[in-house]
Amino acid sequence: MKTAADLAALTRQKTWDKDVVLWVGSEHALLHTLGQLSYTVLDLLDLFDEDCLPMDHEETQAHLRRGLRRHLQSLQAGSERRTVLIVKSIGLLARYHAGVREFYEWFCGDFAMVVLLLDGLLEERPWPEEVTCDTDSLLKYFDTPGVVKQVFGEKG
Amino acid sequence: MDIRPLNRIITVKPEPQTTPSLAQAITRAKACETVSDYHFTPSLRAHFQRVFECIVHRKGQGFWVQAEYGAGKTHFLGTLIDLLIWDDAAVWDAVRDAEIKSDYAAALAKVKIFPVAFSLRGMGESSDSDSLMRIFEEQIGESIQTFAPELDEQVKVTSPELAAHWYAEEASDDEKAGVANFFRREHACTPEEYRAQSGLRKFGQELVRSKLPEGRLRGKFKERFAFIYEQITKVGGYDGMLFVVDEFRSWQDRHVAGTAAYAEDEEILETLAFVLPSQHCNITTLIASQGDMPQKLSGGGEGDRFIPLYLLADKNKGDFGEIVGFRCRELSQGAATDIKDY
């Protein structure tokens, strides 16, 4: 896992190269690392209407991909406006096997990059005895070759 | 001798996008821009001619587009696809190469090709869902929705769709009785009631789970692709299909030689590029990768499964400078003489 300083160096590059990266740490620390760079935030939960939730796994997956694509197509990025998209609630991408392809296809480019925010992994939580929490499973999902390009961590 | 200042000989073009996305490059809205930004060097023109010749003569073939990072694989694929699928004249008007335009604009206008084009970047899965066949099925479905939505209800692609089709069109009375028994036991209702309540897709999934249509779902890659091809060409009136896969390297990195996943990849690609075309299916397949072609797919002297197309390699490496020049600056009138003076 690379450090916050490595991410800061990446953000300072003149252009990016289809960069979808994972940040393991708090949002606060991420924003601090991005400094003055222009960013926009997307919480994947906002793509769902609470009163009209999809019925099953496949419908949820399709809804998530469709909604994400529409949202990404509506975002503007260009040489005049370099933008980092911070994505929250990324557990949904793994839970519904939606992958990260939409980010590569419809947003990333020379002047636009995506940071997937994986927050809360480092916290110790008192789970009930019958619950096992696999804290590595999300990290494994996103760190599979061909998914995100790099993983950065608050704690390095 | 006075020489003209540089800013009167060349004009700097807006900064080009150097990381194009295939999905965006082949939208109708972007097609003209994709094509007009493409510079055909002699070696690249030859690659286009090789692919277009197969398509004009309706001869299915596989091509392995190999190049280093940044050599323009995605732009090559995007331009090629745009010229094959968009029939409005503006796309051909945007071509900056007179030879390609005069040789193929009219000939290709007579060929109706159904495209399935996608990039594998970001499609990795750490689980069992990491299957190339599953991705092809999904992408065929997406292409139908994008390029021929009127076929959506008619073309069966996935196992649940084929199972529902089997029940409606092919099952015997005895088989239907078996299905009725399964739904009575599992859901306490008739198959028709279940389909009305849960929809066709769920109904198909349950049929697959029952194992009753087993053997009738065209489970082998060859049978499945042939069935899809037959439906799309017959129902949709297409002359053939075009499969284009970009960023195959990321997939190759995950599926090492000797694994089951690697064998599946090889079999699927061989089916598309060799087995089906040799049975008169007009399927053209282009796979773009930074990596080498798997040995089995190179033909081994028995006939070419995939024809390699190397972009900007060896003696054509110098093309890169020509392309950068084309993308970055416009020459003013009479610039050639002024450049010579410099």
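The model is a predicted one, so local features need pLDDT of at least 70 and side-chain atom pairs count only at pLDDT 80 or more, while totals for chains, interfaces and linings use all residues. Residues are numbered from 1 along each chain as its sequence is written, with chains lettered from A and ligands numbered from 1 in the order in which they are written.

Chain A holds six helices and five strands; here helices (H or I, at least four residues) and strands (E, at least two) are DSSP runs, numbered from the N terminus. In sequence order the pattern reads α-β-α-β-α-β-α-α-β-α-β. The five strands make an open sheet, ordered E2-E3-E4-E1-E5, with parallel pairing, where two strands pair if DSSP finds at least two bridges between them. At the edges sit E2(A) (39–43) and E5(A) (150–153), each pairing on one side only. From one strand to the next, the twist averages 25°. Zooming in on one pair, E1(A) (residues 20–24) and E4(A) (residues 112–118) run parallel and are joined by five bridges; Val21(A), for instance, has Val115(A) as its bridge partner in E4(A).

As for overall dimensions, the C-alpha trace of chain A spans about 50 × 35 × 30 Å along its principal axes.

Over in chain B, helices H8(B) (residues 159–170) and H11(B) (residues 200–210) pack at about 85°, their axes 7 Å apart; axes are lines fitted to C-alpha atoms over the stretch in contact, and angles run from 0 to 180 degrees between N-to-C directions. The two are therefore roughly perpendicular, a label for angles of 65 to 115 degrees. Residues that meet here include Tyr167(B) from H8(B) and Phe203(B) from H11(B), contact being C-beta atoms, placed from the backbone, within 7 Å.

Finally, the contact between the chains takes 20 residues from chain B and 21 from chain A. On the chain B side, H1(B) (22–25) and H13(B) (248–254) are the elements giving two or more residues, and H13(B) supplies the largest share, four residues.

Terms used: Parallel < 35°, antiparallel > 145°, perpendicular 65-115°, else oblique. Contact = placed C-beta atoms within 7 Å.
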